[in-house]
Amino acid sequence: MDEKVMQQAADVTAAILTRMGVEAQVRAEAEGSTGVRIVVDAGEADGVVIGQRGETLASLQHLVNSVVNKEFKNDKDNITIDVGDYQERRRLELVALAASL
């Protein structure tokens with residue numbers, strides 16, 4: 001994983017959150033060979049960043065992917081943003097739902 005891509009993804013995420021009026025700690029981690037996981041800790045504002053049914057988080061993730069992948073045209077990295085372990089909790093809920101069906 002290219003460190004420049006990871007840093008750019010973290011910087012773009014932090015900039016968007018700042019424009020949203022949300023103070024948050026943002027860090028980037030490598031996820032597999034071509035993935036970046038952005039971990040956001042917004043404290044009590046986690047719900048604002050996640051939004052209703054995760055819609056704000058999905059939009060934020062789409063924006064960050066678009067900006068970063070446009071700048072690094074040769075690296076089409078998948079950027080995942082997780083706030084308060086929302087993505088992992090949601091994944092586990094879906095796995096449980098699928099198992100029950």
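**Entry 1: the overall fold**

I started with the chain as a whole, keeping in mind that this is a predicted model. I found four helices and three strands, and from the N terminus they follow the order α-β-β-α-α-β-α. The radius of gyration is 14 Å, close to the 13 Å that the globule rule gives for 101 residues, so the chain is as compact as a globular protein of that length. Along the principal axes, the C-alpha atoms fill a box of roughly 40 × 30 × 20 Å.

Of the 101 residues, 34% count as buried. Among contacts with a separation of 6 or more, 56% come from residues 24 or more positions apart. I also noted an accessible surface of about 6,400 Å², with 50% of it belonging to carbon and sulfur atoms.

**Entry 2: charges and salt bridges**

I then turned to the charged side chains. The structure holds seven salt bridges, and I went through some of them.

Arg37 pairs with Asp82, with their closest N and O atoms 2.7 Å apart. This pair links distant parts of the chain: Arg37 sits in strand β2 (residues 35–41) and Asp82 in strand β3 (residues 78–83), 45 residues apart. Both Arg37 and Asp82 are buried.

Arg53 and Glu55 form another salt bridge, at 3.2 Å from N to O. Here Arg53 counts as exposed at 65% relative accessibility, while Glu55 counts as partly exposed at 44%.

Helix α4 (residues 86–100) holds both Glu88 and Arg91, three residues apart, about one turn of the helix. Their side chains meet in a salt bridge at 2.8 Å, N to O. Glu88 is partly exposed, with a relative accessible area of 34%, and Arg91 is partly exposed as well, at 43%. I also found one network, in which salt bridges that share partners join Arg27, Glu29, Arg37, Asp82 and Asp85.

**Entry 3: Asp46**

Which side chain of opposite charge is nearest to buried Asp46? I looked it up and found Arg89, 7.0 Å away. Asp46 has no salt bridge; the cut-off for one is 4 Å between a side-chain nitrogen and a carboxyl oxygen. Asp46 lies in helix α2 (residues 46–50). Leaving aside residues up to four places away in sequence, I listed Val40, Asp41, Val83 and Gly84 as the residues that Asp46 touches.

Key:
Residues numbered from 1 in each chain as written. Predicted model: local features only at pLDDT ≥ 70, side-chain atom pairs only at ≥ 80, totals over all residues. Heavy atoms only, no water. Helix = DSSP H or I, 4+ residues; strand = E, 2+ residues; numbered from the N terminus. Buried < 20%, exposed > 50% of the residue type's maximum accessible area, 1.4 Å probe, protein only. Lys, Arg positive; Asp, Glu negative; His and termini not counted. Contact = heavy atoms within 4.5 Å. Rg over C-alpha atoms; globule rule 2.2 N^0.38 Å. Areas by Shrake-Rupley, 256 points an atom, 1.4 Å probe, with all protein chains shown as cover.
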